[in-house]
Amino acid sequence: MSHTLQAVRGMNDILPDDAETWEYFEDIVRDWLASYGYRPIRTPIVEPTPLFKRAIGEVTDIVEKEMYSFEDALNGESLTLRPEGTASCVRAAIQHNLVAAGGPQRLYYYGPMFRHERPQKGRYRQFHQIGVEALGFAGPDADAELIMMCARLWEDLGLEDVALELNSLGSAEERAAHRAALIAYLEQHRDQLDEDGKRRLHTNPLRILDTKNPLLQPIVEAAPRLADFLGEASRAHFEGVQVFLKDAGIPFRINHRLVRGLDYYNRTVFEWVTTRLGAQGTICAGGRYDGLVEQLGGKPQPAAGFAMGIERLLLLWRECGGEAERAAPDTYVVHVGDVAQRLAFRAAEALREHGFAAVLHCGGGSFKAQMKKADASGAAVAVVIGEDEALAGEVGLKPLRGPGGQQRVALADLPEAMAVLLYSEQNGEQGTDDGGL
Ligand code: ATP
Ligand code: MG
């Protein structure tokens with residue numbers, strides 16, 4: 001009995017109809033990132049496991065239960081498929097001396113991430129993130145700019161129902177004072193904590209505030225607030241971010257329980273959430289992580305960033321009516337007969353040389369069958385080559401969408417005739433040159 005091979009559970013194929021939407025979205029995103037001066041960085045998908053343990057924190061969901069780690073069979077080194085991008089980005093910046101040599105850096109990465117979670121809508125084992133890291137920026141202006149960037153992207157995409165939640169985690173010392181108060185409080189409710197909660201009570205109590213267990217909500221709701229432990233500098237920084245956001249007209253809600261699931265954050269943290277995607281409502285999350293560079297062995301360096309989940313973003317985009325135009329070639333070249341086929345190759349190449357997208361029919365068949373394919377391709381014009389045309393060194397041109405009959409032109413005149421036809425076809429759209437937006 002044959003056994004059908006399947007993709008790994010929670011890891012999705014993105015088929016052409018969807019992949020075109022992804023590419024369309026990626027074009028928008030690239031323009032958006034460039035408009036804020038962000039430059040791409042590409043790092044390996046596999047990193048030494050200690051990188052993530054050190055960056056994300058030992059007592060976190062990701063490191064405790066979600067990482068795909070394995071031993072390199074050749075040298076026994078423990079490697080991990082990256083569960084997120086910040087650690088790699090910072091590791092690369094340190095390794096290549098980016099900030100020391102070039103000053104503050106605005107960087108972005110894009111690609112697949114891997115977490116061993118229970119697959120469901122908006123939650124996968126391989127998913128994609130776009131992340132932005134502003135390295136070497138200390139002030140609230142950088143935090144505010146990151147948030148404003150997101151707001152602009154939501155607007156560019158026409159997303160609705162996306163709300164901003166904001167909090168400050170203060171400094172390490174402030175968190176330590178809060179932590180002591182939190183542990184004392186949680187000790188009193190020890191019996192009601194779940195297994196994770198009990199385990200984290202003394203290792204990482206802040207993380208208990210981040211719990212998804214609804215039974216713990218009342219306890220967590222009444223817990224001591226970090227906000228009440230913030231010192232002057234942290235409060236001023238947080239105020240600063242809020243002033244910039246108010247200036248920009250970006251509404252936000254301060255959520256005292258927003259602590260983020262990764263250990264490296266301090267001061268500003270934020271999440272963009274929607275009510276339209278059920279439980280997987282966070283489409284983008286980030287914040288400041290001033291200690292991470294030093295923690296990974298670099299010279300101390302302030303930094304802030306965010307990451308967004310592309311699958312969730314695209315789900316929401318579709319919910320809001322977003323759709324990519326189907327990519328269609330300009331022309332489809334049909335041909336019957338050996339001489340015609342050889343001319344068809346030349347015709348298609350001549351068109352491509354002039355910047356037209358041309359699909360050359362392959363596989364033979366009657367004119368009728370080939371014209372059906374031409375029509376289905378979405379092309380605006382068919383190039384038709386029969387024995388007659390071929391012997392004369394000419395090709396037929398037939399508009400497939402608009403009015404007008406078939407005309408014949410010499411091969412040498414084909415690109416120009418094509419331009420005239422496409423121009424008159426797309427008259428209304430000429431000059432928009434919107435680069436896919
Ligand atoms: P969640 O609370 O939903 O598990 P998280 O806090 O673990 O999210 P981050 O590590 O902050 O997520 O990642 C940033 C963004 O990446 C998330 O807001 C989300 O949009 C997306 N994301 C995270 N995990 C997944 C996943 N398993 N599948 C799809 N998208 C994800
Ligand atoms: Mg998670």
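I began at one residue pair: G286 stands opposite F306 in β11. I noted that β10 and β11 pair in the antiparallel sense over five bridges; two strands count as paired if DSSP finds at least two bridges between them. Strands here are DSSP runs of E with at least two residues, and helices are runs of H or I with at least four, both numbered from the N terminus.

I recorded the conventions next. The model is predicted, local features need pLDDT of at least 70, side-chain atom pairs count only at pLDDT 80 or more, and totals for chains, interfaces and linings use all residues. Residues are numbered from 1 along each chain as its sequence is written, chains are lettered from A and ligands numbered from 1 in the order in which they are written, and side-chain values use heavy atoms, without hydrogens and water.

**Eight-stranded sheet**

I traced an open, mixed sheet of eight strands in the order β1-β5-β6-β11-β10-β9-β7-β8. β1 (39-40) and β8 (253-254) are its edges, each with a single partner strand, so one side of each has no neighbour in the sheet. I found helix α4 (residues 86-95) across β5 (105-114) and β6, at about 45° to β6; axes are lines fitted to C-alpha atoms, for helices over the stretch in contact (heavy atoms within 4.5 Å), and angles run from 0 to 180 degrees between N-to-C directions.

**Ligand 1**

I listed 17 residues around ligand 1, the closest being R115, E117, R123, R260 and T282; a residue is included if one of its heavy atoms lies within 4 Å. β6 (126-135), β10 (282-288) and β11 (303-309) each supply at least two residues of this shell, and β10 gives the most, with four.

I then checked individual atom pairs. A polar side-chain atom of E117 lies 2.6 Å from a nitrogen atom of the ligand. A polar backbone atom of Y124 is 2.9 Å from a ligand nitrogen atom, and a polar side-chain atom of Q129 is 3.0 Å from a ligand oxygen atom. Of the 580 Å² of accessible area that ligand 1 has on its own, the protein covers 91% (Shrake-Rupley method, 1.4 Å probe).

Three bridges join β2 to β4 (residues 78-81), and P48 stands opposite L79 in β4.

Technical notes. A polar contact is a pair of N or O atoms within 3.5 Å; within protein, one must be able to donate a hydrogen and the other to accept it, and residues adjacent in sequence count only if both atoms are side-chain atoms.
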